[in-house]
Amino acid sequence: MKILVALAFLAIIASLGSALFFMMRGKGDDRQQGKRMARALGLRVGLSIVLFLSLLLAWKLGYIQPTGLPAAVR
């Protein structure tokens with residue numbers, strides 16, 4: 001599961017980097033450039049949602065357990 005999460009984070013960062021590349025590139029058709037950037041950002045959002053839902057599913061199925069700080073009893 002750790003490998004899957006790490007690969008998903010790398011894919012999200014790569015998609016964000018490609019959107020930055022398309023945004024910073026000054027040559028060419030602006031409309032085509034905007035479409036490519038929007039597609040890359042849409043892919044990033046989609047990958048983030050899939051990662052979040054897969055983490056919820058893995059938690060529900062018992063593959064991962066929360067290991068946060070325990071709640072303080074007062």
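These legends describe close-up views of a predicted model.

**View 1. Helix α1 along its length.** Helix α1 runs over residues 2–24. From its first C-alpha to its last, α1 reaches 33 Å with its 23 residues, close to the 33 Å expected at 1.5 Å a residue.

**View 2. The buried residues of α1.** Val 5, Ala 8, Ile 12, Ser 15, Ala 19 and Phe 22 are the buried residues of this helix. An α-helix has 3.6 residues a turn, so residues three or four places apart point the same way. The cover over the buried residues of α1 includes α2, a helix of residues 30–61.

View 3. Ser 15 is part of helix α1. Its relative accessible area is 5%, so Ser 15 counts as buried, the limit being under 20%. Leaving aside residues up to four places away in sequence, Ser 15 touches Ala 40, Leu 43 and Arg 44. A polar atom of the Ser 15 side chain lies 2.5 Å from the backbone oxygen of Ala 40.

View 4. Val 45, Ile 49, Phe 52, Leu 53, Leu 56 and Trp 59 make a nonpolar surface patch of about 590 Å². One of these residues, Phe 52, lies in helix α2.

View 5. Is Phe 52 buried or exposed? Phe 52 is exposed because its relative accessible area is 52%, and exposed means over 50%.

How values were computed. Residues numbered from 1 in each chain as written. Predicted model: local features only at pLDDT ≥ 70, side-chain atom pairs only at ≥ 80, totals over all residues. Heavy atoms only, no water. Helix = DSSP H or I, 4+ residues; strand = E, 2+ residues; numbered from the N terminus. Buried < 20%, exposed > 50% of the residue type's maximum accessible area, 1.4 Å probe, protein only. Polar contact = N/O pair within 3.5 Å; in protein donor to acceptor, adjacent residues only side chain to side chain. Contact = heavy atoms within 4.5 Å. Patch = residues over 30% accessible without salt bridge, like charges linked within 9 Å, V, L, I, M, F, W, Y side chains within 5 Å. Areas by Shrake-Rupley, 256 points an atom, 1.4 Å probe, with all protein chains shown as cover. Salt bridge = Lys/Arg side-chain N within 4 Å of Asp/Glu carboxyl O. Expected span 1.5 Å × (residues − 1).
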